[in-house]
Amino acid sequence: MKITTIGLGYIGLPTSVLFATHGHQVRGVDANPAVVETLNKGYIHIEEEGLQTLYNDALQSNSFEATMTPGSSDAFIIAVPTPNNNDAHKSCDLSYVVAAVNSIIPHLQKGNLVIIESTIGPRTTEDTVQPMLEAAGFTIGEDIFLAHCPERVLPGNIAHELIHNPRIIGGVTPACTSVAKAMYATVVQGELIEATASEAELSKLMENTYRDVNIALANELAKIGLDLEINALKVIEMANRHPRVNLHSPGPGVGGHCLAIDPYFVAAASPQFSPLIQTARQINTSMPRFIVDSVNKLMASAPNNKITVFGLTYKGNIDDTRESPAKEISMMLQQSGYQVTEYDPHVDYATIDIEVACQDSSLILVLTDHTEFKNIAAQATNNMKQPLILDTKSIVQQHEATLLNLGNMHTQIGKIPQEM
Ligand code: SAJ
């Protein structure tokens, strides 16, 4: 098949490469000339395990080209960003999706398949995209096939998960579902689950909302533990020994481009009926403030005001700092007047020597669960002003310093400050 992908980012590029290495001819379109240029020079522009090798294969078989404009094709896959709008409920900003649909309309022919892979608010395919295609003169399900097929991959493992994860195929009509299913069947080995477009949209959003709400519960428990002077981490560990309980882990907040964004799309679409989702978002976005307030109490008796922040990415073992609570906390501490040194072996500008980073520091504040942080060597803590670690991700195992975490920090700072 001839396939055109609009948007060559974290999802669009791996998806294009996947189809290109499974016998299809792929034209990848991106609005950013630097991206197109890099790809045409033979390099991928994102960090993703195994993707460069697959990309080399695609180039060698001449099955992929990057351009800035779409052309005629059998199928079009739209994988452009969908940020939050700056409105009361942070609804889904569809401007890139709408622009992408408009860009393919002049090239659409009878029999073509249009797939929306971008994460979108519930009902978007039927209420926004379908009318655009109908206005261009097409009958959906007869001469154009339209479906929402959300990706469900974990950054860092995309190349594997795109092939092996189950995939939801949400067609606007049953005919749309079968045409889309036939295309994905050429690459996906996981189950292809048939659904309507709206069901597919809401399922994708609720997968991430489920996780966000559960993390909020864990974060709330951490605050309750501090208030009641009970070790919440020990409580979670024991509660999870119950065969049907899976409490998540508290932390400095929820980051990334999925969990911190998708729940708003659901809440904005049905604000009256989503109080739980909205409260969960509030709890998770309150965590950076909670950590800073706790640090303030810890630092009240410190010998100096130097803090070393360990980890800036939104989660461990990746280089992605989008929506990262760690970065937010580091910024808040700097604004409060602390002398903050940032240390992160995965982030270019913070890969300084660990001993230099900790020299004369009064606190190591661990904000990301990178594997490197499991073991904090004595050489790092020896020259601190006071050897104290606050580990908000419970990752540190070996150390020669006083170690506090979200379960036991009440032993040093007492009860939660009144204003929290
Ligand atoms: N976090 C906690 N406590 C926990 C688990 C996670 O505080 O118990 C935090 C992490 O530190 C991080 C954030 O949550 O800041 C999100 O991390 P994550 O690993 O849960 O999720 P993402 O955003 O990297 O990827 C998610 C995945 N969704 C689910 O697991 C339901 C992935 O499968 C999706 O494809 C992706 O969102 C997406 O694109 O939607």
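These are my notebook entries on a predicted model of one chain.

**Entry 1: the whole chain**

I started with the overall dimensions. The chain has 420 residues and a radius of gyration of 24 Å. A compact globule of that length would come out near 22 Å, so the value agrees. Along the principal axes, the C-alpha atoms fill a box of roughly 70 × 50 × 40 Å.

Next I looked up burial and surface. Of the 420 residues, 53% count as buried. The chain exposes about 18300 Å², and carbon and sulfur atoms supply 50% of that area.

I then took the contacts between residues at least 6 apart in sequence. Of these, 71% join residues at least 24 apart. For secondary structure, I noted 15 helices and 13 strands.

**Entry 2: the eight-strand sheet**

In what order do the strands of the eight-strand sheet run? I read β3-β2-β1-β4-β5-β6-β7-β8. The sheet is open and its pairing is mixed. At the edges stand β3 (64-67) and β8 (192-196). Each has a single partner strand, so one side of each is left without a neighbour in the sheet. From one strand to the next, the twist averages 25°.

Strand β2 (residues 25-29) pairs with β3 in the parallel sense, over four bridges. R27 has E65 in β3 as its bridge partner.

Which strands does helix α8 touch? Helix α8 (residues 197-228) packs on this sheet and touches β6 (144-148), β7 (167-171) and β8. The direction of α8 makes about 115° with that of β8.

How many residues of α1 are buried? For helix α1 (residues 12-20) I found nine of nine, so I logged the helix as mostly covered. The buried residues include L13, V17, L18 and F19. G12, P14, T15, S16 and A20 are also on the list.

I stepped back to I11, which sits in the loop between β1 (2-6) and α1. Its relative accessible area is 19%. The cut-off for buried is under 20%, so I11 counts as buried. Leaving out residues up to four places away in sequence, I11 touches E117, E151 and V153. I also looked up a pair spanning much of the sequence. I11 and D320 are 309 residues apart along the chain, and their C-alpha atoms are separated by 14 Å.

Is I140 buried or exposed? I140 is buried, with a relative accessible area of 9%. The residue lies in the loop between α5 (124-135) and β6. Beyond four places in sequence, I140 touches Q130, L133, E134, L146, V172, T173 and C176. I took the spacing to one of these. I140 and Q130 are 10 residues apart in sequence and 7.3 Å apart in space, C-alpha to C-alpha.

T177 came next, in helix α7 (residues 174-185). T177 is buried too, at a relative accessible area of 5%. Where do its contacts lie, once neighbours within four places are set aside? I listed I169, G170, G171, E194 and A195.

**Entry 3: the five-strand sheet**

I moved on to the open sheet of five strands. The order is β10-β9-β11-β12-β13, with parallel pairing. The edge strands are β10 (339-343) and β13 (402-405). Each of them has a single partner strand, so one side of each lacks a neighbour in the sheet. The twist averages 20° from one strand to the next.

Helix α11 (residues 275-299) lies across β9, β11 (363-366), β12 (388-391) and β13. The helix runs at about 165° to β11.

**Entry 4: the annotated stretch**

Last, I consulted the UniProt record. An unreviewed entry there places the feature "domain: UDP-glucose/GDP-mannose dehydrogenase C-terminal" at residues 308-398. What is the secondary structure content over residues 308-398? I noted 22% helix and 18% strand. The end C-alpha atoms of this stretch are 18 Å apart.

Technical notes: Residues numbered from 1 in each chain as written. Predicted model: local features only at pLDDT ≥ 70, side-chain atom pairs only at ≥ 80, totals over all residues. Heavy atoms only, no water. Pairing = 2+ DSSP bridges. Helix = DSSP H or I, 4+ residues; strand = E, 2+ residues; numbered from the N terminus. Axes fitted to C-alpha atoms, helices over the stretch in contact; angles between N-to-C directions. Contact = heavy atoms within 4.5 Å. Rg over C-alpha atoms; globule rule 2.2 N^0.38 Å. Buried < 20%, exposed > 50% of the residue type's maximum accessible area, 1.4 Å probe, protein only. Areas by Shrake-Rupley, 256 points an atom, 1.4 Å probe, with all protein chains shown as cover. UniProt positions renumbered as here; feature names shortened; annotations may be inferred.
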